[in-house]
Amino acid sequence: MTERVAIVGGGVIGCAVARELAPDYDVEVFEKGQLASEASALAAGEITMLSSYEDEPAIGWHAVDFFREYDGTGEFSYTELPSIGLVTPDREDEKRRYASRVAADDLPVRYLEREEASEAYPTFDLSDHAGVIEHGVSGFVDPYTFAITLHHDARDDRATFHTDTAVHDLLVEDGEVVGLETEDGRVEADHVVCAAGWRTREFLLEYTPIPVRPYRTQCIVLEPESPLPDGFPMGWYPGEHVYFRPEHNGDFLIGGWSFAEANPESASGQADAEFRTHVAELVPTFLEGFEEAGYVDGWAGVDGATPDTRPILDAPADAPDGLVVATGFNGRGVMTAPVAATAVRSLLTGEDAPFSLDTFAIDRFDTRSDDFEFISISAGD
Ligand SMILES: Cc1cc2nc3c(=O)[nH]c(=O)nc-3n(C[C@H](O)[C@H](O)[C@H](O)COP(=O)(O)OP(=O)(O)OC[C@H]3O[C@@H](n4cnc5c(N)ncnc54)[C@H](O)[C@@H]3O)c2cc1C
């Protein structure tokens, strides 16, 4: 008999895992609302896996290869663009050394002097900067289309999706997972994958405490005085809590401003006034054509953070057998979805993954407390 896998959560991670497993397992996904209706629908869709996993290039390349290959599946598209980080004069030497070090590991990274960078990226006013770090391979996707395309693929392989169906509990017998208690009744399963986003900690607390806490992060879209030109890159401004990318219509999306969230259920879905002001003051200092930019949209959403900003993809030793956890994506869940799906397959089947899973193992943390300092990935380098 084909083994049954029940997945808790129909965000981008639940959908990616369902697609990966559906050819070989009887897969059922349980989502308390609609598919990809929480963090997954709100993401900026940036794919910056090589820079996020410089220490583990096999992980970054696994995701990049997936997005390149998946581009054009159904309605899904992946737009590949370079990404630049602005370098202030006081950090020039440090950043030059950094670029040579990572380039020596065959990563597509280089340091561009101000003149060279201004020529390559003429919309940027780099008068306050020494140059930029350019990551040659990054890109963006529409996160909702991505999740729904994964869902369609999984459904074509006979996975079933139950929306508006909350899962109340795991069913455990003799230390083994045997299914789920859902609002519609009991469901039997040989394996359970918990992909419930930031709610994973609360859901699994009595079985295996997961060091994940909610944080809130935001995006704003601006309409510049004229549409951004072709070749406008993605990028980030170290120390200013922001990253950015072009939209397909020439608008400008800027995201970041992330903070730990004590009340995730009632957190505002609007961008904060402080973030709007910060963006309005900051953007014209490094981009031409934004003095009179129009405000198009702004929003905020809640995701799960871990103490070291990397997700937990593991079958914890203290958890009931048959349970796999996929949570704590720290603002990178869309780009990490292909890696999460492959990791979960490896954890279920025992097949080797094409990268080490050590980075994602829960025992890398000394404690399972959620009382840790939140590190914002958009506030750093
Ligand atoms: C503003 C913003 C910008 C972002 N930008 C990017 C970006 O540029 N690139 C990137 O890669 N990532 C980005 N992210 C992060 C990314 O959106 C998340 O990491 C990713 O969506 C996490 O996916 P998930 O499936 O784990 O979580 P979710 O999308 O939160 O899905 C979890 C699902 O589980 C369901 N669920 C929970 N408990 C239960 C239960 N008991 N029963 C049934 N269902 C349950 C929830 O309803 C939810 O739909 C951003 C996030 C935000 C908010």
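Guide: Contact means heavy atoms within 4.5 Å. Leaving aside neighbours within four places in sequence, V27 is in contact with V5, I7, A18, L21, A22, R158, A159 and T160. This is a predicted model, in which local features need pLDDT of at least 70 and side-chain atom pairs count only at pLDDT 80 or more, while totals for chains, interfaces and linings use all residues. Residues are numbered from 1 along each chain as its sequence is written, and side-chain values use heavy atoms, with hydrogens and water left out.

Visitor: Which residues have the most contacts inside the largest nonpolar core?

Guide: A nonpolar core is a set of buried Ala, Val, Leu, Ile, Met, Phe, Trp, Tyr and Cys residues joined through side-chain atoms within 4.5 Å. Buried means under 20% relative accessible area, exposed over 50%, and partly exposed in between (1.4 Å probe, protein chains only). Here the largest core has 52 residues, and I7, I13, V27, F67 and F146 have the most contacts inside it.

Visitor: Which elements each supply at least two residues of this core?

Guide: Helices (H or I, at least four residues) and strands (E, at least two) are DSSP runs, numbered from the N terminus. The elements in question are β1 (4-8), α1 (12-21), β2 (26-30), α4 (57-70), α7 (143-156), β18 (323-327) and α10 (333-349). With nine residues, α10 gives the most to this core. A second, separate core has 26 residues, among them L228, I254, F275 and V279.

Visitor: Is K95 buried or exposed?

Guide: K95, in helix α5 (residues 92-104), is buried, because its relative accessible area is 9%. Not counting residues up to four places away in sequence, K95 touches V87, Y111, I133 and D381. R155, in helix α7, counts as partly exposed, because its relative accessibility is 44%.

Visitor: Which residues come nearest to the ligand?

Guide: A residue is near a molecule if one of its heavy atoms lies within 4 Å of it. Of the 37 residues around the ligand, E31, S40, E46, D303 and M335 come nearest.

Visitor: Which polar backbone atoms lie at the ligand?

Guide: A polar contact is a pair of N or O atoms within 3.5 Å. A ligand oxygen is 3.0 Å from a polar backbone atom of V334.

Notes
A polar contact is a pair of N or O atoms within 3.5 Å; within protein, one must be able to donate a hydrogen and the other to accept it, and residues adjacent in sequence count only if both atoms are side-chain atoms.
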